[in-house]
Amino acid sequence: MPERTKETEKQRQPEAGDSAEVLDLKAAADFLKVSKPTFYRWLAQGKIKGFKAGQQWRFYRRDLEKFLETEEPAAPPAAAEEAERAVEEARKARGLPSVEWNRPGELLDPSVEAEDNPIQRVVNVILASAIDRRASDIHLDASAGEVKIRYRIDGVLHEEMIIPKYVHAPLVARLKLLGDMNLAEQRLPQNGRIAVKHRGRDYDVRVFTYPAMFGEAAVLRILDQASVLIGFDKLGMSPPMRAAFERRLRANQGLIVVTGPLGCGRTTTLYSALNLLNSPQKKVATIENPVEYRLPNVMQVHVNRKAGLTFAVGVRTFRYCDPDIILVGDLEDLETAELCVQAAMTGHIVLTAMVPADAPSVITRLIEMGVEPFLVSSALSAVLAQRLLRKVCPSCRTEYKPSPDTLRRLGMSDDEIASAKFYHGAGCEECRHTGYYGRTGVFELLEVDDRLREMIARRAATAELRAAAVEGGMVTMLQDGLEKAKQGITTIEELLRVLAVGRD
Ligand SMILES: [Zn+2]
């Protein structure tokens with residue numbers, strides 16, 4: 001052992017000019033040809049890696065060399081000003097409201113640096129106008145000559161701005177800096193978060209960056225902390241379905257699955273369910289990846305794979321914390337599914353999300369994953385499948401006649417078609433000529449009863465389960481959506497778009 005230690009020490013002994021050479025702070029700043037304050041700032045921002053030897057900072061020459069290679073050159077001030085002008089023009093061309101700069105408490109913390117940084121102002125315009133337009137996501141994609149900025153509004157992407165390519169690198173670098181991400185790493189996907197205040201409200205912005213053909217692409221996801229606890233009255237669930245769902249939620253135990261593709265509003269439904277159940281008499285625990293919204297009096301745990309904290313580990317740990325209600329963000333594998341099933345049979349309400357397109361398919365999926373059919377049949381209480389439909393804009397709502405063929409394909413009789421009234425948005429300023437404003441859910445609630453239990457235990461096919469559920473009174477998403485179209489809440493076209501009915 002002593003010999004080995006000696007050897008290691010010998011290896012650590014750097015020679016002058018060697019990349020393993022260790023420099024003190026002044027030498028390091030000189031090496032990068034910057035002033036000490038600039039060097040300190042880079043160090044604080046994590047751009048430069050160093051280590052502490054006692055009270056003193058030390059730096060490897062090779063780290064400094066790497067920094068020089070990877071550091072994005074800052075956009076020259078003139079280019080940045082020009083970029084700001086281009087973004088401002090794009091904003092005006094789209095008729096977006098202007099953004100008030102640097103008002104205390106508005107937007108990103110207006111540090112001294114932000115105030116005189118045009119790239120920060122570009123970030124502000126992009127974020128502020130996205131929030132003003134109710135966007136849920138911002139996509140930033142570079143091509144050979146330009147950067148396209150698109151907003152997802154009511155679930156649909158809209159191209160909002162095209163900005164010059166030279167803004168791309170400093171813009172992404174700025175977002176990464178704000179998101180507390182590694183600036184030097186450009187070859188791997190990364191994520192971070194930015195706290196934003198706009199017009200007096202707090203937003204949590206998730207930043208994802210990933211390598212793409214023409215430089216790093218970025219997606220910003222805007223989470224509105226205030227709007228999540230919207231509660232059941234705003235989800236768009238029909239009163240009888242809501243009553244049935246609430247009954248299942250308030251039962252003593254059972255597994256309740258909310259299903260649908262990403263972005264179908266599952267999280268909102270699950271949080272609304274937790275909000276309904278959350279009371280001083282109940283202990284609620286969640287394991288999520290990531291925790292999207294903070295809930296008062298709820299024990300929320302983040303999945304941390306690097307540390308070995310998976311969904312399964314979370315659920316297993318909860319057994320010792322004695323919760324009444326458990327939310328598991330994702331049923332990702334057999335182990336997690338089995339633990340959830342077990343918990344759901346031993347006095348817990350277990351809420352979780354899955355991705356199958358409709359409610360009966362969740363049953364088949366659980367069995368395909370390897371959960372014993374008799375366990376699924378006894379643990380599963382209900383499956384809620386859902387999608388989000390855009391709502392007709394109230395300011396330009398007008399009656400119209402969809403094609404009778406389409407309506408027939410949706411199962412309407414000729415008599416019904418003759419008497420039914422349908423509405424769509426003609427297009428106005430309010431909805432920016434899309435005809436839609438806001439979204440509502442369409443749902444199908446499968447309640448597991450004795451008949452279904454028996455069928456699940458003997459591995460009945462999905463189609464058979466669906467037929468039995470409908471016979472037992474399940475309203476399908478299509479029927480629920482058609483009802484909403486008849487009420488003038490949404491359009492037939494939107495229903496077809498989202499549920500992909502009658503397409504090949
Ligand atoms: Zn309108």
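How are H17 and H18 oriented to each other, roughly parallel or roughly antiparallel?

**Overview. The whole chain.** This is a predicted model, in which local features need pLDDT of at least 70 and side-chain atom pairs count only at pLDDT 80 or more, while totals for chains, interfaces and linings use all residues. Residues are numbered from 1 along each chain as its sequence is written. The protein chain has 20 helices and 18 strands; helices (H or I, at least four residues) and strands (E, at least two) are DSSP runs, numbered from the N terminus. Take the contacts between residues at least 6 apart in sequence: 63% of them join residues at least 24 apart. A contact here is a pair of residues whose C-beta atoms, placed from the backbone, lie within 7 Å.

**View 1. Helix H17 beside helix H18.** Two packed helices are described by the angle between their axes and the distance between the axes. For H17 and H18 that's about 175°, with the axes 10 Å apart. Axes are lines fitted to C-alpha atoms, for helices over the stretch in contact, and angles run from 0 to 180 degrees between N-to-C directions. The two helices are therefore roughly antiparallel to each other (over 145 degrees; under 35 is roughly parallel, 65 to 115 roughly perpendicular and the rest oblique). Arg 451, Leu 452 and Met 455 of H17 meet Glu 464, Leu 465, Ala 468 and Ala 469 of H18. That contact has five nonpolar residues, no polar ones and two charged ones; Ala, Val, Leu, Ile, Met, Phe, Trp, Tyr, Cys and Pro count as nonpolar, Asp, Glu, Lys and Arg as charged, and the others, Gly among them, as polar.

**View 2. Helix H13 across helix H18.** H13 (residues 359–369) and H18 (residues 462–471) pack at about 140°, their axes 9 Å apart. That makes H13 oblique to H18. On the H13 side, the contact uses Pro 360, Ser 361, Ile 363 and Thr 364, and on the H18 side Thr 462, Leu 465, Arg 466 and Ala 469.

View 3. Leu 465, Arg 466 and Ala 469 are the buried residues of H18. They line one face of the helix, because they fall within an arc of 100° seen down its axis (the arc is that of the directions from the helix axis to the C-beta atoms). Their packing partners are H13, strand S18 (436–447) and helix H17 (450–457). Over on the other side, Ala 463 and Glu 471 are exposed. After H18 comes Gly 473, with a positive phi near 110°.

**View 4. Helix H20 and its buried side.** Ile 492, Glu 494, Leu 495 and Leu 499 are buried in H20 (residues 492–499). An arc of only 160° around the axis covers them, which puts them on the same side of H20. They pack against strand S15 (380–392), helix H15 (404–409), strand S17 (422–425) and helix H19 (477–486). Ala 500 follows H20, and its phi is positive, near 50°.

**View 5. Gln 386 in strand S15.** Gln 386 sits in S15 and counts as buried, with 25 C-beta neighbours inside 10 Å. Not counting residues up to four places away in sequence, Gln 386 touches several residues, including Val 258, Cys 264, Arg 266 and Phe 443.

Terms used: Buried ≥ 20, exposed ≤ 12 C-beta atoms within 10 Å, placed from the backbone. Contact = placed C-beta atoms within 7 Å.
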